Amino acid sequence: MRKSTKLALAFAALAGAVGTTAYAENNASAKMREDTMMRLNKAMSDSDGAITFDQFSNAMNARLKKLVADNGGKLTVAQLADALEKARFERMAKRIIARYDTKGDGTLTTDDITGREKKVFAMLDKNNDGKIEKSELPKGGRFGHHGQSDDDDGVE
């Protein structure tokens with residue numbers, strides 16, 4: 001392969017990688033802007049359409065300021081990472097509880113899990129023969145997720 005062709009392929013690969021990263025960052029930035037606007041709109045609707053700096057500040061970073069205050073006025077990378085990880089896992093746990101909790105009491109029991117498993121099994125056992133055959137499994141590996149992310153460690 002010629003040197004110019006190799007350079008062109010390397011450049012194309014690099015451009016693809018950079019483009020993919022930029023696309024992901026743009027989506028994250030758009031989500032952050034959307035969340036910011038949602039918080040500002042809520043603050044303004046709670047205050048007849050105008051907010052002071054204090055109200056703006058509370059709408060923007062109340063949770064972050066609370067974390068700083070709870071940690072003696074300073075927040076390290078490790079403390080912030082721990083708080084973010086805890087928040088992420090709490091959101092995941094709430095989704096799992098909501099998915100399985102048959103009584104609506106906010107707790108998860110073995111009966112809840114078994115009940116969910118029975119529902120899913122019945123959905124998959126299309127010919128009602130008490131067995132799930134490979135031909136009855138959904139195409140493409142979609143296993144009852146209905147647009148939800150797989151970030152709950154495969155717990156279904």
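1. Helices here are DSSP runs of H or I, at least four residues long, and strands are runs of E, at least two long; both are numbered from the N terminus. On that basis the chain reads α-α-α-α along its sequence. There are four helices and zero strands. The model is a predicted one.

2. Of the chain's 156 residues, 13% count as buried. The accessible surface comes to about 12,300 Å². Carbon and sulfur atoms hold 60% of that surface.

3. On contacts, take pairs at least 6 apart in sequence. Of these, 24% join residues at least 24 apart.

4. Helix H2 covers residues 53-70. How does its span compare with that of a straight helix? A straight helix of 18 residues would span 26 Å at 1.5 Å a residue, while H2 spans only 22 Å between its end C-alpha atoms. H2 also has a kink of about 80°, centred on Asn61.

5. Which residues of H2 are buried? They are Ser57, Ala59 and Met60. After H2 comes Gly72, with a positive phi near 75°.

6. A nonpolar patch sits on the surface, formed by Phe121, Ile132 and Leu137. Together these residues have about 220 Å² of accessible area. Phe121 belongs to helix H4, residues 110-124. Is Phe121 buried or partly exposed? Phe121 counts as partly exposed because its relative accessibility is 35%, and the partly exposed class runs between the under 20% of buried and the over 50% of exposed.

Terms used. Residues are numbered from 1 along each chain as its sequence is written. This is a predicted model: local features need pLDDT of at least 70, side-chain atom pairs count only at pLDDT 80 or more; totals for chains, interfaces and linings use all residues. Side-chain values use heavy atoms; hydrogens and water are left out. Patches are made of residues with over 30% relative accessible area and no salt bridge: like charges are joined within 9 Å, nonpolar side chains (Val, Leu, Ile, Met, Phe, Trp, Tyr) within 5 Å. Accessible areas come from the Shrake-Rupley method with a 1.4 Å probe; for residues, only the protein chains shown count as cover. A salt bridge is a side-chain nitrogen of Lys or Arg within 4 Å of a carboxyl oxygen of Asp or Glu. Buried means under 20% relative accessible area, exposed over 50%, partly exposed in between (1.4 Å probe, protein chains only). The expected span of a helix is 1.5 Å times one less than its number of residues. The bend at a residue is the angle between axes fitted to the seven residues ending there and the seven starting there. Contact means heavy atoms within 4.5 Å.
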